[in-house]
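Subject: Structure handover

Hello,

Here is the structure I said I would pass on. My notes on it follow below.

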Amino acid sequence: QVQLVESGGGLVQPGGSLRLSCAASGIIFSIYDMGWYRQAPGKQRELVAAITRGGSTNYADSVKGRFTISRDNPKKVVYLQMNNLKPEDTAVYYCNAKLGRGAGATDSWGQGTQVTVSS
């Protein structure tokens, strides 16, 4: 059974930094593509950053140059380093584990962690 547990969210002032962590269990972590999504009130969930099992990354345009996704396969953890945070980054951030590609892919989700950027 896949379990994803996020941590590291909180309240931070604009311009500040946070590092989110997602600890995985119940999976062969190294074969999964991992990602971070976020959902703000009244908005759809959106992809923030993703890292493939091979280490390739991609980012939403809104976070390029500010956020960095990384993974530690032996520890089964994926990180999201968030710098220069803006109020519009306020959202619940979800960890995603994806196995496979396209229509045959399976997705697993964490419970989410709240990030609030406010002065």
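The model is a predicted one. I started with strand S4, which covers residues 33-39. Buried here means under 20% relative accessible area. Of the 7 residues of S4, 6 are buried, so the strand is largely enclosed by the rest of the structure.

Strand S4 pairs with strand S9 (residues 91-99) through 7 bridges, and the two run antiparallel. Within that pairing, Arg38 has Tyr93 of S9 as its bridge partner.

Strand S4 is also joined to strand S5 (residues 46-51), by 5 bridges, again in an antiparallel arrangement. Here Gly35 sits opposite Ala50 of S5. S4 and S5 make up a hairpin, with 6 residues between the two strands. Gly42, in the turn of that hairpin, has a positive phi of about 80°.

- Lys76 has a phi of about 60°. It is found in the loop between strand S7 (67-72) and strand S8 (77-82). Its relative accessibility is 30%, so Lys76 counts as partly exposed.
- Asn84 has a phi of about 50°. It belongs to the loop between S8 and S9. With a relative accessible area of 43%, Asn84 is partly exposed.

Regards

Key. Residues numbered from 1 in each chain as written. Predicted model: local features only at pLDDT ≥ 70, side-chain atom pairs only at ≥ 80, totals over all residues. Heavy atoms only, no water. Buried < 20%, exposed > 50% of the residue type's maximum accessible area, 1.4 Å probe, protein only. Helix = DSSP H or I, 4+ residues; strand = E, 2+ residues; numbered from the N terminus. Pairing = 2+ DSSP bridges.
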